[in-house]
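We will walk through it stop by stop, with something to select at each one.

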Amino acid sequence: MASRASVLVGGGGLSMDWEVVIGLEVHAQLNTATKIFCGCPTTFGAEPNTHTCPVCLAMPGALPVLNAAAVDKAIALGLAIGAELNRHSIFARKNYFYPDLPKGYQISQYELPIVGKGSLTVQLSDGVEKVVGVTRAHLEEDAGKSLHEAFIGQSGIDLNRAGTPLLEIVSEPDMRSPGEAVAYLKKLHALVRYLDICDGNMQEGSFRCDANVSLRRPGAAYGTRAEIKNLNSFRFLEKAIEYEMVRQRDILESGGHIVQETRLYDANRDETRSMRSKEEANDYRYFADPDLLPLVLNESRIGRVRGTLPELPDAKRTRFMRQYALTAYDAGVLTSGRVLADYYEQVAANVDGKLAANWVMGDLLGALNKAGVEIECCPVSAEKLRLLVQRIEDQTISGKIAKEIFEEIFYRGGEVDAIIDSRGLRQITDAAAIAAMVDAIVTANPQQAADFRAGKDKLLGFFVGQVMKASQGKANPDQVNAILLERLQKS
């Protein structure tokens with residue numbers, strides 16, 4: 001196989017001879033308290049097979065009852081992406097046999113899903129916006145989980161996950177690079193968390209996707225696709241698509257043809273491998289589930305769900321740009337997650353919005369990333385960071401000293417004002433005191449002063465550094481610069 005470096009160009013694309021076509025099927029576990037058709041809890045991490053009952057174990061005579069909260073969460077997603085909401089939808093039995101599917105079929109939706117066509121607008125790395133169509137989103141139940149690691153020559157079955165409500169969100173094949181696919185998945189991930197319909201935990205499998213990948217000559221009909229199953233990280237999605245692009249390209253250019261199949265991505269080997277031949281719809285023998293009535297939505301219910309929707313990411317991004325005078329990039333970063341956006345707004349209350357953004361995006365997110373901590377578990381409260389920014393604004397401390405205080409409260413805790421007072425960190429703003437330090441530094445460095453007056457402007461930084469060192473970093477930098485220029489420009 002040719003190396004990826006010799007094939008991939010233009011930030012993850014192919015050579016001009018080929019175009020990749022990508023569609024994603026995203027499975028979002030809905031964060032309801034109970035399963036979609038029974039009263040078993042959906043909490044993650046319980047002992048195997050303890051969150052089960054006759055319904056999710058498919059015992060004879062056990063009948064499913066639809067979870068109303070799951071329906072409301074599907075409606076919320078449909079409203080958020082401007083999709084058609086089908087007032088009449090039905091549940092079907094999707095027949096296939098798998099060890100972790102006790103009934104021998106999965107209850108899903110096929111011809112009439114609850115959510116029809118919609119779209120999602122994503123911002124690409126170059127700032128360009130792209131609209132990705134959403135074909136449908138349908139409700140279904142999750143399967144159980146096969147366990148292999150703890151057994152030798154055998155597999156275990158944990159059915160705690162069987163019956164957990166899923167919303168499968170199917171995109172149009174509108175994406176043309178791994179980067180576009182990642183941007184779409186990230187936007188959808190943020191959206192389901194904004195709506196509070198899914199916790200988005202990719203490590204636990206709450207949010208995962210299948211990627212349908214094919215190649216074609218530019219402008220030609222779609223090629224045969226391969227489906228890469230169960231991708232649970234943005235990086236794995238990108239790497240799997242990159243590998244699959246090269247694999248298919250090599251086959252096609254050697255005169256072969258692509259087999260429609262399901263493949264798995266092996267992160268350790270950074271490759272996809274065949275899992276099974278891809279089934280067609282008729283292989284599943286769909287038919288309406290006789291145990292479940294059609295799902296009928298009325299305008300009252302849709303209106304009630306609409307009234308619970310939060311401010312959505314795109315609207316929040318636009319407001320941040322207007323209200324806090326932020327760039328499109330900064331607003332995009334700060335609205336990438338609901339918790340982060342809420343945190344920023346608390347920091348920005350009654351302080352300069354751009355300064356607050358710099359601290360949240362720079363120092364805070366940098367420290368969280370270094371520590372491997374999510375914003376939800378941030379050790380620095382938004383109020384503490386707001387007060388720190390306020391102390392910079394009111395010139396109690398300098399930006400440099402603020403960084404030292406931030407490190408202290410991030411790693412060891414404490415209160416902003418208490419640290420300032422106990423360490424004597426208040427900024428020197430007395431003009432006479434600063435002038436005395438400046439005069440002493442200029443007098444002690446006559447040659448550098450003469451060189452500055454002769455045109456070596458960069459020496460101003462030397463003098464600023466000397467004054468700040470003499471003041472132990474407490475002198476107001478703006479005043480230091482102004483007084484230094486006044487003194488140095490005198491002949």
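Predicted model: local features only at pLDDT ≥ 70, side-chain atom pairs only at ≥ 80, totals over all residues.

**Stop 1: a pocket between domains**

Select K186, F234, V333, S336 and G337. Of the 50 residues that line the second largest pocket, these lie nearest its centre. The space in this pocket comes to about 1900 Å³.

Now colour the elements around it. β5 (118-123), α3 (178-194), α4 (234-253), α6, α7, α8 (338-347) and α9 (353-371) each give the lining at least two residues. Which element supplies the largest share of the lining? Highlight α3: nine of the lining residues come from this helix.

Next, colour by domain, with 19-296 as domain 1 and 310-423 as domain 2. Both contribute to the lining, so the second largest pocket lies between them. If you switch to colouring by residue class, the lining shows 21 polar, 16 nonpolar and 13 charged residues.

**Stop 2: the loop between β1 and α2**

Move to the loop that joins β1 (19-29) and α2 (68-80), and pick N49. Most residues other than glycine have a negative phi. N49 is not a glycine, yet its phi is positive, at about 65°. Its relative accessible area is 35%, so N49 counts as partly exposed.

G39 sits in the loop between β1 and α2 as well. With a relative accessible area of 61%, G39 is exposed.

**Stop 3: cysteines without partners**

Show the cysteine sulfurs. How many disulfides does a search of the whole structure find? The count is zero. Zoom in on C38, whose closest cysteine sulfur belongs to C53: at 3.7 Å, the two are too far apart for a bond, because a disulfide needs the sulfur atoms within 2.5 Å. C38 is buried, at 12% relative accessible area.

C198 is in no disulfide either, and the nearest cysteine sulfur, in C209, is 13 Å away. C198 is buried, with a relative accessibility of 2%.

**Stop 4: between two helices**

Finish at A325, in the loop between α6 (313-324) and α7 (328-334). A325 is another residue other than glycine with a positive phi, near 55°. Is A325 buried or exposed? Its relative accessibility is 60%, so A325 counts as exposed.

Conventions:
Residues numbered from 1 in each chain as written. Heavy atoms only, no water. Helix = DSSP H or I, 4+ residues; strand = E, 2+ residues; numbered from the N terminus. Buried < 20%, exposed > 50% of the residue type's maximum accessible area, 1.4 Å probe, protein only. 1 Å grid on protein atoms, 1.4 Å probe; cavity = no way out; pocket = protein on both sides within 12 Å on 5 of 7 lines; lining within 4 Å. Points joined across faces, edges and corners; volume = space filled by probe spheres on them. Nonpolar A, V, L, I, M, F, W, Y, C, P; charged D, E, K, R; others polar. Domains from an automatic or database assignment.
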